[in-house]
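Trainee: Before we look at anything, could you show me how to read helix faces and aromatic pairs in a model?

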Amino acid sequence: MTIRRDSSNLLRAITPELTRNIQTVMNDIVGTMFSKTFMDELLKPQQLYSHRTMKTVLTRLAHTSIMRLNPASMDRLYELMIMAFKYQVFLCPRPKDLLLISYNHIDTIREFVKDTPVVLNQVDETHRKIIEVYSSLSEGEFQLLRQTLLIFFQDMHVRVSLFLKNQVQNPNGRFALSTSGPVPHGIDVPGLIRTFDCKGREVSRAEFPTGGCYTSPIREGSFLLHGDRVSTLGLNMYTVNHLEETHTSKTPTVKQADNTPNLLAKEELNLLARLMGSMKAENTPKAETVFRINLFNTDREEEEEQARASGGAGESSYEVINIQAMQDEQAATELALIAGQFAEGERQENQESNKGDDLLAMMDDL
C-alpha cells in the first residue's frame, strides 16, 4: 500500500514537469517553423526539394528544441510523415482542397500553442500569408501543384501499421483508393447522360453504370483564416473512426505465382555456366560446339594452349573467339566522350542537390 501511494505521488510530481517539457518542445519547433525568415524563404518560387534536403530540413526543425532523435527514429518519423501526407493528397477531392488540408494542419498547430501568444501570432501571420499567396491560383495551377506533389511521393511505398489495419493500404505499400463516396463539391453525381438541342433544351436522357456508389457532394469547407474546413483530411489520423469515412475498397487478391519450371531459363543458365567455366565440357551435348575467348592477342598462355590443341588432335575441338581488348585511338576518343557525359550528369546532380542549401544555411542562423 505504501509503495502504491509513493508511486502515485511520484507520478503526480513528474507529470507537470513532463507537460512543461512537451509544451517547450512544441513552442520551440513551431516558433522556428513559422518564423518570418523561414517562411519567406519557403514561399519563394523555387524547384521542389529532394527527399534528402527535405529530411535534413525536418531534422533541423526537430532539433531546434531540447528534443533529440537518433537517425533511425528520424528516418522512421520522416517516412511516416511522407506516407500520411501522400495519403491525404491521394484522397483530395479537388486540387484546390489541398488548401483545406494545409488549413487543418495549421488549425491543429494553432491549438498546440494557444497558450503562447507570441508563437500563436506567428502562426496567424503565416496563415494569412498562405491565403494571400495561394487563394488567387487557378484550378489548373492547383492541379499542377497536386501532380508535382504526387511525383515527389511516387517512389515512397512504406507500409504503415495504421493504414494496413484499416485496409487503406495494400501489403506492397500502395494505397487502396475508393471508387465510391461523395463526389467533389460542384460536381454532379455520375451515371446520367443528357442531350440538348441547339436551343439548349434537354431532349433526351440516358443512364450508364458508374462502377461505384456515388453520392451528392458535401458542403464546401471554409478557406478563411478561421472556419469549418468540413474535410477531415489533415486531422489526426489516430482518432477513432477517422479512416472509416474514406469508404476504401477491399485489398485486391494477389495471384499465386506459377511454380512451373521454365526449361528455357534452365538452358540459358546452363549455357552461362559453361561460358564461365563452372561446368565440365563432357557434360555438354556432343552436337554443341565449345568455344573459348581470347581477350588479348599477345597472351602467351592462350598461344600455348592453342598450339597444344592443334598439334595433338589435328583439328581443334574449340572454336576460338578473339576480342581485342587493347585501346586504340578511336576507342579512347569514344570513351573520353562517354566519360564527359557522365561528368556532366554528375555536375547536374550536384546542382540539384544544392537547391535547398539556402534554406539550410538560413536555418543555421535561426
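This is a predicted model: local features need pLDDT of at least 70, side-chain atom pairs count only at pLDDT 80 or more; totals for chains, interfaces and linings use all residues.

Mentor: Residues are numbered from 1 along each chain as its sequence is written, and side-chain values use heavy atoms, with hydrogens and water left out.

Trainee: Which residues are buried in α7?

Mentor: Buried means under 20% relative accessible area, exposed over 50% and partly exposed in between, with a 1.4 Å probe and protein chains only. Helices are DSSP runs of H or I with at least four residues, and strands are runs of E with at least two, numbered from the N terminus. In α7, the buried residues are Phe 142, Arg 146, Leu 149, Leu 150, Phe 152 and Phe 153. Seen down the axis of α7, these buried residues fall within an arc of 155 degrees (taken from the directions from the helix axis to the C-beta atoms), so they line one face of the helix. The face turned away from that buried side carries the exposed residues Leu 144 and Ile 151.

Trainee: What do the buried residues of α7 pack against?

Mentor: Contact means heavy atoms within 4.5 Å, and the buried residues of α7 pack against α3 (51-62), α4 (71-90), α5 (98-112) and α6 (117-134). Tyr 134, found in helix α6, is partly exposed at a relative accessible area of 25%, and leaving aside residues up to four places away in sequence, Tyr 134 touches Leu 43, Leu 99, Phe 142 and Leu 145.

Trainee: How many aromatic pairs does a search of the whole structure find?

Mentor: Rings of Phe, Tyr and Trp (its six-membered ring) pair if their centres lie within 6.5 Å, and planes under 30 degrees apart count as stacked, over 60 as edge-to-face and the rest as tilted. The search finds six aromatic pairs. The rings of Tyr 87 and Phe 175 have centres 5.2 Å apart and planes at 50 degrees, so this pair is tilted. Tyr 87 lies in helix α4 and Phe 175 in the loop between α8 (161-165) and β1 (181-182), so the pair ties together parts that are 88 residues apart in sequence.

Trainee: Which residues do ring pairs link into a cluster?

Mentor: Tyr 87, Phe 90, Phe 163 and Phe 175 are linked in this way. Phe 175 counts as buried at 12% relative accessibility, whereas Phe 90 is partly exposed at 28%.
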